[in-house]
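Visitor: I would like to learn how to read a few features from a coordinate file. Where do we start?

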Amino acid sequence: DRVTGDLVLADVGQTAWEEIDFAPASAGRGPGWNYGWRCYEGNVAYATSSTTPCGSCTAPGCSFTFPAHVYNHTLGRCSVTGGYVYRGCQIPDLQGTYFFADYCGNQIYTGRFTGGTLTQLADRTVELDPPGPLAIASIASFGEDAGGELYLCDLAGGEVFKIVAQTSVA
């Protein structure tokens, strides 16, 4: 987050869960934090007999930092595509909102970080659908320009789309 210095990580899961990790600048952005892989996939035990840097998943003193948000593979979802916290000027209502997507499901979501948790989740897929025959699919990446405006990259058609305010229809 270019304003707060917080670090947001979209972490593709193994078989069933996608996660978004949050490391606040006030906590040093997570140096040495253990996000739980292989012991956990998201918040769910995965391979609890694994060897980890602290010994094992159950070693005394082996602490994990759990995700700010997780979602499963329902609705055709399979792979989180991380984004940015919006800090542009063109959509003031979305200042401080984190954008992310799912590659397989083609959904675009937003939320706000509150106390290390992603809250106020909203599915923005329909409102960000471009007009005319274009469609957003296979979202592979987000980008941010010098002014904090956001873009997303679509592998299905090879397009780059700018996220803009919805225009009102008279």
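Guide: With the salt bridge: a side-chain nitrogen of Lys or Arg within 4 Å of a carboxyl oxygen of Asp or Glu. This is a predicted model, in which local features need pLDDT of at least 70 and side-chain atom pairs count only at pLDDT 80 or more, while totals for chains, interfaces and linings use all residues. Residues are numbered from 1 along each chain as its sequence is written, and side-chain values use heavy atoms, with hydrogens and water left out.

Visitor: How many salt bridges does a search of the whole structure find?

Guide: The search finds three. In one of them, the side chains of Arg 87 and Asp 1 meet at 2.8 Å, N to O. This pair links distant parts of the chain, 86 residues apart: Arg 87 is in the loop between strand 8 (80–81) and strand 9 (98–102), and Asp 1 is in the segment before strand 1 (7–11). Strands here are DSSP runs of E, at least two residues long, numbered from the N terminus.

Visitor: Is Arg 87 buried or exposed?

Guide: Buried means under 20% relative accessible area, exposed over 50%, and partly exposed in between (1.4 Å probe, protein chains only). Arg 87 has 18% and is buried, whereas Asp 1 has 23% and is partly exposed.

Visitor: Which residue forms a salt bridge with Arg 2?

Guide: Glu 144 does, with the closest N and O atoms 3.1 Å apart. Arg 2 lies in the segment before strand 1 and Glu 144 in strand 12, 142 residues apart, so this pair also links distant parts of the chain. Arg 2 is partly exposed at 44% relative accessibility, as is Glu 144 at 26%. Arg 124 and Glu 127 form a salt bridge too, at 3.4 Å between the closest N and O atoms.

Visitor: What does strand 12 pair with?

Guide: Two strands pair if DSSP finds at least two bridges between them. Strand 12 (residues 139–144) runs antiparallel to strand 13, and five bridges join them. Ser 141 stands opposite Cys 153 of strand 13. The two strands form a hairpin with five residues between them, and Gly 148 in the turn has a positive phi of about 85 degrees.

Terms used:
Helix = DSSP H or I, 4+ residues; strand = E, 2+ residues; numbered from the N terminus.
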